[in-house]
Amino acid sequence: AATASPVSSMFSIDSGALQLEMGKKSKRQPESQSFAHPTIYNKTAIKIVDEIWSKTHGNPPPSSVAAQLEEYEAITERVNLLIEKQGPPRLIHPPRHEGIAAFERWLGENGAEHSKVELAQFPEIGYGLRAKVELEEAEKVMTIPDKVMITTDTASQAELREFILNDRVLQQLPNVVLSLHLLMEACSQDSFWKPYIDVLPSSFTTPLYFTRDDLLQLQSSPVLAESLAQKRNILKLYTHLHRLIREQEAPSTLCANGFFYLDFIWAVSCVMSRQNQIPSSNGKAAALALIPLWDMCNHSNGQITTDFDLENHCCICYASRKTASETEFTIFYGARPNSDLLLHQGFVYPENIHDSLKIKLGLSSGEEPITKTLRSQLLAQVGLPVSGQYSILKKANPFGPELMTFGRLFTADHTQLQEYATLDVTALRSKLSAESLTKEDLKLLDFLGKRCQLLLHSYKTTLEEDKTLLLKGELSACAREAVKLRLCEKQILKCATQYALTAQQLCTN
């Protein structure tokens, strides 16, 4: 059996591939055909799309958060105008509860076995799966055949096939192919997957749906820069595809229904938040898939207990723990920090035992050249860059091996560096990454403790103020997740600061 596991890959365009593709000979449809698809060939919308395309493709991504925000605000003005000119989204999403009975009936008719769980709504959480009977640990809970899955394999068999073959970007980004496939099926009232699509969320709390005010709740968080980059990447993709649809022989379903920005980010968010890898039908590589019902399980700590049965072509999910009847049935998405969960799934899990916070560290530019060179050489020996991101962990010892290694080399004086240089690579890595602390690590602990304290003080609100904000219940759904994330980050920094202080005292004594 092959394990099915959630995937959280980024949507982005390789600039080299894009330049190659846009340099190909155009297959633009004759001007006389423009009236066939007025939603695509709206001249005002085209002008705005091309302006955004020029801004996102003609300039490199900003290098600072301040510059990212400035660019975001300038482009957002054009995006809002584009949305206004395009009008309401083409997709009409019915209330989810109205489609549940038809969805469950469709699953049963197509070979799914899910009699032990049902789709239900939970307070503050939203939709998830509820156990209809008591479930024992390791008990088989559901079986979902690949027949009902929307995959990159089914995309290649649909109208999209020729469109994919004619575009290098789509060939390199299977998650975008899956998004377009979903969008086309959502546009079709005759789609085989309509019962599934009708119970998908109509909106999300991923950063793609964040307003400017929501984003500002992430100030001082490293996720702000990642959120802005994500928005930029998706906009870049949208404008590329919009131009491609105008110039190439695009699938008729996609053209006839228009290609609206709000519909595109809905499809992207569906895929981004619930895509999973399964074995491809050709047996040569993995395929990306949306797995109906199973992908509506919410996350909790545990272990991955879902397999893909190659012989019977189905996904089989087992219970990771004992679950009482009438309570929520959850699965484990994988060992991911809350930053990843927010960026790709649109939620923050405060009880996340795998949470961590990325911090940027680098060598000082003002150091003596001979010492800096030696320090850089030792970092290269152990496979670390002179400047990079390191994680502070939500653990009793928050400083992992890589951070300890960098920190020890960063704080070592020239004599210590020379001593390190006499060791072979294995001994050097072992010494630098050691969890045990000695008096030699006082400088390291002081450095890490002060850095964590400095980062903690950079937030505009305190832990207590964030807790009060969440209790008031006045935040938007997106802002609420942003505040939950920064609260988790502050708790990590507070614990790390206290750990460094306590460890210094122990080393001194």
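Author: His299 stands opposite Ile331 in strand E12. The model is predicted.

Reader: What makes E9 and E12 a strand pair?

Author: E9 and strand E12 (residues 328–331) are joined over 2 bridges, in the parallel sense. A pair needs at least two bridges, so E9 and E12 qualify.

Reader: Why are E3 and E9 called edge strands?

Author: The open sheet has 4 strands, in the order E3-E4-E12-E9, with mixed pairing. Strand E3 (117–122) and strand E9 (298–299) each pair on one side only.

Reader: Why is Glu71 called buried?

Author: Its relative accessibility is 18%. The cut-off for buried is under 20%, so Glu71 counts as buried. Glu71 is found in helix H3 (residues 65–86). Leaving out residues up to four places away in sequence, Glu71 touches Lys55, Pro62 and Arg232.

Reader: And why is Ser280 called buried, given its place in a loop?

Author: Ser280 is in the loop between strand E7 (276–279) and strand E8 (286–290).

Reader: What makes the link between Ser280 and Asp153 a polar contact?

Author: The two side chains are joined at 3.3 Å. The limit is a pair of N or O atoms within 3.5 Å, so the link between Ser280 and Asp153 is listed as a polar contact. Beyond its neighbours within four places in sequence, Ser280 is also in contact with Ala285, Ala286 and Ala287.

Reader: How do you know that the buried residues of H4 line one face of the helix?

Author: The buried residues of helix H4 (residues 100–109) are Ile100, Phe103, Trp106 and Leu107. Seen down the axis of H4, they fall within an arc of 125°, so they line one face. In general, residues three or four places apart in an α-helix point the same way, because there are 3.6 residues a turn. On the other side of H4, Ala101 and Glu109 are exposed.

Reader: What do the buried residues of H4 pack against?

Author: They pack against E3, strand E4 (126–131) and helix H9 (194–197). Just after H4, Gly111 takes a positive phi of about 95°.

Reader: Which residues have the most contacts inside the largest nonpolar core?

Author: They are Met142, Ile144, Leu182, Trp266 and Phe329, in a core of 87 residues. A second, separate core of 31 residues includes Leu357, Ile359, Leu448 and Ala496.

Note on methods: Residues numbered from 1 in each chain as written. Predicted model: local features only at pLDDT ≥ 70, side-chain atom pairs only at ≥ 80, totals over all residues. Heavy atoms only, no water. Core = buried A, V, L, I, M, F, W, Y, C linked by side-chain atoms within 4.5 Å. Buried < 20%, exposed > 50% of the residue type's maximum accessible area, 1.4 Å probe, protein only. Arc of directions from axis to C-beta. Contact = heavy atoms within 4.5 Å. Polar contact = N/O pair within 3.5 Å; in protein donor to acceptor, adjacent residues only side chain to side chain.
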